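Please read the following note with the sequence and the structure side by side.

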Amino acid sequence: YRMTNFKTLHRNTVVYGHNMRHDDYIFGMLENYRFIEAGFQKAPIIECNTIYGDFTWFVYAVFISNSKEEHDNGYVFPYNFIDVSDAKFEKYIEEIDKRKLYTTGVDILPTDKILTLSTCSYDFEDARLVVVARLRRDGESAAAVDVSKAYPNDDIKYPQIWYDVNKKTNNHEGEPIW
């Protein structure tokens, strides 16, 4: 994990877990989130219980990231920060929107807190599967997540190695790096 404040949480609570291609390993079930029907629609809400409280998170995005700079032209997408300014947080959400495999219909405001779950992935060497969820707002019902609003992203921004491994053209090549 990446955090120092367990009582009030950081803007981004990051938790890492193993995925060994089995549902019974710590984060093995995150693989289901690659798909709208098998993942998001079956489990659009993540509950996290700590000694300081019970937290409900609404799944916002799922994306593939690299962990080595050489896999994306000297760049690793910085999804594992814990605190940033409101302006940087808004830009971060814009960057997630380019990378997410599908849109869930859940929104994120600059004042929201997020949960980031990160696990190994087998898309390419040292790939990461990342699930981002936002904290349920005060007074918001779990029914606020309408899974019927989910739809695929037709123009996903992957790390360069993904395009190389899959012999595809990178439509995002040359875009500014966040």
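1. Strand β3 (residues 53-65) pairs with β6 in the antiparallel sense, over 8 bridges. Two strands count as paired if DSSP finds at least two bridges between them; strands are DSSP runs (E, at least two residues), numbered from the N terminus. The bridge partner of F58 in β6 is R134.

2. The model is predicted: local features need pLDDT of at least 70, side-chain atom pairs count only at pLDDT 80 or more, and totals for chains, interfaces and linings use all residues. Residues are numbered from 1 along each chain as its sequence is written, and side-chain values use heavy atoms, with hydrogens and water left out.

3. β5 also pairs with β6 in the antiparallel sense, over 8 bridges, and S118 stands opposite V130 in β6. The two strands form a hairpin with 5 residues between them, and D126 in the turn has a positive phi of about 60°.

4. Is strand β6 (residues 127-135) mostly covered or uncovered? Of its 9 residues, 8 are buried, that is, under 20% relative accessible area with a 1.4 Å probe, protein chains only.

5. The lining of the second largest pocket has 4 nonpolar, 5 polar and 5 charged residues. Asp, Glu, Lys and Arg count as charged; Ala, Val, Leu, Ile, Met, Phe, Trp, Tyr, Cys and Pro as nonpolar; the others, Gly among them, as polar. In the lining of the largest pocket, the classes number 13 nonpolar, 2 polar and 1 charged.

Key. Buried means under 20% relative accessible area, exposed over 50%, partly exposed in between (1.4 Å probe, protein chains only). Helices (H or I, at least four residues) and strands (E, at least two) are DSSP runs, numbered from the N terminus.
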